[in-house]
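Look the structure over before reading on.

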Amino acid sequence: MFETYRWRNESILATYHRPTIVAERTDVALVLVNAGPAPRAGNSDLSRQIADQLARSGYPVFRMDFPGIGDSTGDSFKRIEDFRIAAQESPLDDVLAEVVEQICARHGVNRVVLGGLCAGAVVSVRAARRMGRRCAGLLLLEPDFLHARVASQVTWRNPRAFTERVLRGLARRRGSASVARAAQRTYEWFDRGRMPDGIARDVVDAWIDLTEVQVPTFLAVADGANCDTLCARIALAADVEVRRMTMSEFESEDVPNSALVTCFALGNTNHLFTAGEAPEALPLAIETWMRRFA
């Protein structure tokens, strides 16, 4: 069902996935936001698949477009870099926090799990920090924890940031990927325990603060890729305990309640989770996590 919410003078459009099991409706909802300057279904329709899976399990799910994206009104983003900067610096977290309050009032929801892919995860973290107890959990899918302004520039003034950026770039190229990843592991071993350079420190600090007040996180990453190693280094430096889970562990529902940050690492996939088993496995894993934690 399509729904309209308001933020300032803009109309914020959302798709409401009504729970199909009426008797099992919960007062906890899932709100998924734009992964980038693309409509709320995401680049690969992943958000829609997650929403359908959760609605079949009795959870109300909302997919919303930020201002200027998809069906919402407002000025559009001309470049993906502009949206990355907006996710880290602009009042998109205000938009999300305000729409969540309207969702809760309209549908009788008490708490929400916030989430999204890439930059959508960043906005979710920022909004969760300002929402307090309204946030029941975080769904961080390949979170874009690199600083948008630093990542778009090559700087020689910070050797660590420059080295890490070059290694990440080489790892994305097919011809140099294996050598670059080996070099990156060696570099990270020598640099272990230190917070990576070039990260969006305010966003990362917000996530760390949320873990300290016991807000559970479902973290999904492409196994061994850039986001996986970056999140692992951040967690190590911040002393955040992360429990890595496989699909077989999720299928057996062996998800310990003590795992505040549950990391689902998917092999043979990509940043958008369009390859391998990710399109089918990710919604099922999220459903299992929601039933245990939300």
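This is a predicted model: local features need pLDDT of at least 70, side-chain atom pairs count only at pLDDT 80 or more; totals for chains, interfaces and linings use all residues.

Residues are numbered from 1 along each chain as its sequence is written, and side-chain values use heavy atoms, without hydrogens and water.

**Aromatic rings**
- Rings of Phe, Tyr and Trp (its six-membered ring) pair if their centres lie within 6.5 Å; planes under 30 degrees apart are stacked, over 60 edge-to-face, the rest tilted.
- By this rule there are seven aromatic pairs.
- Phe77 and Phe83 have ring centres 5.2 Å apart and planes at 90°, so this pair is edge-to-face.
- Phe77 is partly exposed, at 22% relative accessibility, while Phe83 is buried, at 0%. Buried means under 20% relative accessible area, exposed over 50%, partly exposed in between (1.4 Å probe, protein chains only).
- Phe218, Phe264, Trp289 and Phe293 form one aromatic cluster.

**Cavities**
- A cavity is a set of points, on a 1 Å grid over the protein atoms alone, where a 1.4 Å probe fits but cannot get out; lining residues have an atom within 4 Å of a point.
- The whole structure holds three cavities of 30 Å³ or more. A volume is the space filled by probe spheres set on the points, which are joined across faces, edges and corners.
- The largest cavity has about 130 Å³ of space.
- Its lining has 17 residues; Ala35, Gly42, Leu46, Ser47 and Leu117 lie nearest the centre of the largest cavity.

Technical notes: On a 1 Å grid over the protein atoms alone, a cavity is a set of points where a 1.4 Å probe fits but cannot get out, and a pocket is an open set with protein on both sides within 12 Å along at least five of seven lines; lining residues have an atom within 4 Å of a point.
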